[in-house]
Amino acid sequence: MSVPVASVEPTTVRPPVSEGLGEGVSEGAGEALRPHAEHAFAAELAALAAQDDRPRPARWRLSPWAVATYLLGGTLPDGTVITPKYVGPRRIVEVAVTTLATDRALLLLGVPGTAKTWVSEHLAAAVSGDSTLLVQGTAGTPEEAIRYGWNYAQLLAHGPSRDALVPSPVMRAMAEGMTARVEELTRIPADVQDTLITILSEKVLPIPELGQEVQAVRGFNLIATANDRDRGVNELSSALRRRFNTVVLPLPESADAEVDIVSRRVDQIGRSLDLPAAPEGMDEIRRVVTVFRELRNGVTTDGRTKLKSPSGTLSTAEAISVVTGGLALAAHFGGGVLRASDVAAGILGAVVRDPAADRVIWQEYLEAVVRERDGWKDFYRACREVSA
């Protein structure tokens, strides 16, 4: 028999993101190292909601147009500036948002470091006002993480009952018409992945122990992320893949776009860590991006020299990590301005994953490209020093 939605009680009460918030941050979020998107950008979400007069799907906080504006950035009629959360083709975001407005789930696919998790979180925050209904996929993710579990004290004392049932994030999203997230779907064992088939096709979650089921209410949908570059990948079955609309997130097309992404994200992270402003180190950010792009693409920027690519992905996310680490070095052990010596060690760690093969590739790149490049002498010396 079907169970009324109200019978699946949420474990927490989630007020609207704009309630009790000031200056774009929730109460206490100033102490959080990484606030959830709905807290960190609460002011922007509230401003969009206040001026959003377009049709909204059931239980959506914003219209699809406003969700896309939140991710891509823009200026509202009242002058409020919405900062870009994703720098990339607009059509990709529009297709992703439109998918969530239908009855098909969304699969964000791409190589590591293409902002799949970042986009997933911000989509959930803009659509549902809550990005925390999350299942983190690993090789050990059990079926209960997607379906439901049991409070064993209650189970032993009273047997199977509603009180003993512990809803998963997916079950809660179904009952409340929210957006659930499944990270690294291809890391989850295949038999556990297929638990999603009935949920996504029939919009129902059976509870055979109680002879009941939970039916998804309008507004429910699911965002999954996956990549096929890391080890430990489990291919999706054709039956499950058909339940998703797949959107591929590409690497940044140009160096300028990647520099913009890295500088924006580093600035956000740096402010939370009281690090120097990223713009003062733009030359080094551009160098890091150039090195990563050339080694990733197997050719120098001018197209004249072919290069061997190392085993790592050298993604935009790794560039952000290298620059953030360099800013920390500059803040605590340097003059406060990002220098070549601050990023050299981070680049070495990102490039040389295989101590034998990657080190040879890195040394060849240093001597054949970096050494001969005008204005890069300090960078060459710093990299040689840490590579010795």
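Where is E184 found? E184 sits in the loop between β8 (179-183) and α8 (190-193). Its phi is near 55 degrees, a positive value in a residue other than glycine. E184 is also buried, with a relative accessible area of 19%; the label holds because buried means under 20%.

Before going further, a word on confidence. This is a predicted model. The mean pLDDT of the protein is 89, and 90% of its residues reach 70 or more. The stretch to treat separately is residues 1-29, where pLDDT stays under 50. For that stretch the model has 49 contacts beyond four places in sequence.

R59 belongs to the loop between α2 and α3. At 49% relative accessibility, R59 counts as partly exposed, because the exposed class starts over 50%. Here are the two residues side by side:

| Residue | Phi | Relative accessible area |
|---|---|---|
| E184 | near 55 degrees | 19% |

**Rings and charges**

The structure holds four aromatic pairs. One of them is F41 with Y70: the ring centres are 6.4 Å apart and the planes stand at 80 degrees, so this pair is edge-to-face.

W376 and F379 are both buried.

Which charged residue lies over the face of F41? That would be K85, at 4.9 Å from the ring centre. W376 has a charged residue over its face too: R287, at 5.5 Å from the ring centre.

One more distance for F41: F41 and S341 are 300 residues apart in sequence, and their C-alpha atoms are 34 Å apart in space.

**The sheet**

Now for the strands. Five of them make an open sheet, in the order β5-β8-β11-β4-β12, with parallel pairing. At the edges are β5 (134-136) and β12 (244-248), each pairing on one side only. From one strand to the next, the twist averages 20 degrees. In general, strands of a sheet pair through backbone hydrogen bonds, either parallel or antiparallel.

How many bridges join β4 to β12? Five bridges connect strand β4 (residues 105-109) to β12, and the two run parallel. Look at L108 for a handy landmark: L108 stands opposite V247 in β12.

Helix α4 (residues 90-100) lies across β4, β11 (221-226) and β12. Relative to β12, helix α4 runs at about 165 degrees.

The opening residue links back to this sheet as well: β8, a member of the five-strand order, is on one side of the loop that holds E184, with α8 on the other.

Methods: Residues are numbered from 1 along each chain as its sequence is written. This is a predicted model: local features need pLDDT of at least 70, side-chain atom pairs count only at pLDDT 80 or more; totals for chains, interfaces and linings use all residues. Side-chain values use heavy atoms; hydrogens and water are left out. pLDDT is the predictor's confidence in each residue, from 0 to 100. Contact means heavy atoms within 4.5 Å. Rings of Phe, Tyr and Trp (its six-membered ring) pair if their centres lie within 6.5 Å; planes under 30 degrees apart count as stacked, over 60 as edge-to-face and the rest as tilted. Buried means under 20% relative accessible area, exposed over 50%, partly exposed in between (1.4 Å probe, protein chains only). A charge sits over a ring if NZ of Lys or CZ of Arg is within 6 Å of the ring centre and within 35 degrees of the ring normal. Two strands pair if DSSP finds at least two bridges between them. Helices (H or I, at least four residues) and strands (E, at least two) are DSSP runs, numbered from the N terminus. Axes are lines fitted to C-alpha atoms, for helices over the stretch in contact, and angles run from 0 to 180 degrees between N-to-C directions.
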